[in-house]
Amino acid sequence: LCASAVDAIKTGHNILIITDCHVSQDRIAIPALLALSAVHHHLVREGLRTTAGLVVETGTAREVHHFAVLAGYGAEAVHPYLALETLEAMQDELPPKLTAEQARYNYIKAVGKGLSK
């Protein structure tokens with residue numbers, strides 16, 4: 001993972017996405033925080049950290065604390081795909097006036113406000 005990050009930067013990429021989306025029987029996920037911190041510290045040691053932004057796409061980020069810890073370990077952005085997909089799947093359980101799109105917006109806004117505290 002760390003070597004792939006270095007290779008990507010050296011070939012001109014400046015945004016690296018660390019994802020656990022493609023988990024399967026043959027591909028075990030590395031916990032998002034472990035993968036992020038490993039890549040972050042490896043890039044620091046290689047003198048390349050300031051040349052790339054790190055984005056984490058994970059199903060494990062759900063609460064404000066999860067986002068804060070990922071940011072503290074070097075993530076410039078976090079995409080909580082599973083939390084957003086869950087809100088979409090809960091459409092029938094949401095109050096009638098609340099659409100899935102509004103529920104996602106409210107979730108993102110709540111996480112943002114929680115991080116600013």
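1. H40 counts as buried, at 17% relative accessibility; buried here means under 20% relative accessible area, exposed over 50%, and partly exposed in between, for a 1.4 Å probe and protein chains only. This residue belongs to helix 2 (residues 32-46), where helices are DSSP runs of H or I with at least four residues, numbered from the N terminus.

2. The model is predicted: local features need pLDDT of at least 70 and side-chain atom pairs count only at pLDDT 80 or more, whereas totals for chains, interfaces and linings use all residues. Residues are numbered from 1 along each chain as its sequence is written, and side-chain values use heavy atoms, with hydrogens and water left out.

3. Leaving aside residues up to four places away in sequence, H40 touches R49, L54, Y73 and G74 (heavy atoms within 4.5 Å). With R49, the H40 side chain makes a side-chain polar contact of 2.8 Å; such a contact is a pair of N or O atoms within 3.5 Å, and within protein one must be able to donate a hydrogen and the other to accept it, while residues adjacent in sequence count only if both atoms are side-chain atoms.

4. The structure holds 0 disulfides, a disulfide being a pair of cysteine sulfur atoms within 2.5 Å. For C21, the closest cysteine sulfur is that of C2, and because the two lie 19 Å apart they are too far for a bond. C21 is partly exposed, with a relative accessible area of 29%.

5. L1 lies in the segment before helix 1 (2-10).

Notes: Helix = DSSP H or I, 4+ residues; strand = E, 2+ residues; numbered from the N terminus.
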